[in-house]
Amino acid sequence: MFAFAVLIVILFAFYLFYKTKYFRSNREVEKKWLSAKSNIALGLFVFLFGVNHLIFIAETTLTYIVAIVFIAYGAVFSWIGFKKYKHYLPFAIEEAKLYEAQK
């Protein structure tokens, strides 16, 4: 239970970190790339929150349903974020190289 709690807090901190970097960035593709990274962190946060709820807290049918919805939503959200991350990574690298060349 303690490990889940620590991972949940760490993933939420990563989500906040990437969202902050997203708002501070001026580059267009880098913003999309950082948004994808924050989607992954948020999806894993929700996923682990659901797993933690399912294993350690669930007592009624309603709590089982809510935990399963959290797990499914978190898995889908992190998968979509991972697909976006892979898509935008080469463009973000190219944008960074262009930005450095202009300096």
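Residues are numbered from 1 along each chain as its sequence is written, and side-chain values use heavy atoms, without hydrogens and water. Because the model is predicted, local features need pLDDT of at least 70 and side-chain atom pairs count only at pLDDT 80 or more, while totals for chains, interfaces and linings use all residues.

Select Lys-37 in helix H2, residues 28-57 (helices are DSSP runs of H or I, at least four residues, numbered from the N terminus). Lys-37 is buried (under 20% relative accessible area, 1.4 Å probe, protein chains only). It has no salt bridge (a side-chain nitrogen of Lys or Arg within 4 Å of a carboxyl oxygen of Asp or Glu). The nearest side chain of opposite charge is Glu-30, 8.3 Å away. Beyond neighbours within four places in sequence, Lys-37 is in contact with Tyr-18 and Tyr-85 (heavy atoms within 4.5 Å).

Next, select Glu-30 and Arg-27. They form a salt bridge, with the closest N and O atoms 4.0 Å apart; the count by this rule is one. Arg-27 is partly exposed because its relative accessibility is 22% (the class between 20% and 50%).

Finally, select Phe-49, Leu-62, Ile-65, Val-66, Val-69 and Phe-70, which make a nonpolar surface patch of about 520 Å² (residues with over 30% relative accessible area and no salt bridge, nonpolar side chains joined within 5 Å; areas by the Shrake-Rupley method with a 1.4 Å probe). Helix H3, residues 61-102, gives the most to this patch, with five residues. Leu-62 lies in helix H3 and counts as exposed because its relative accessibility is 59% (exposed is over 50%).

How values were computed:
Helices (H or I, at least four residues) and strands (E, at least two) are DSSP runs, numbered from the N terminus. Lys and Arg count as positive and Asp and Glu as negative; His and the chain ends are not counted. Patches are made of residues with over 30% relative accessible area and no salt bridge: like charges are joined within 9 Å, nonpolar side chains (Val, Leu, Ile, Met, Phe, Trp, Tyr) within 5 Å.
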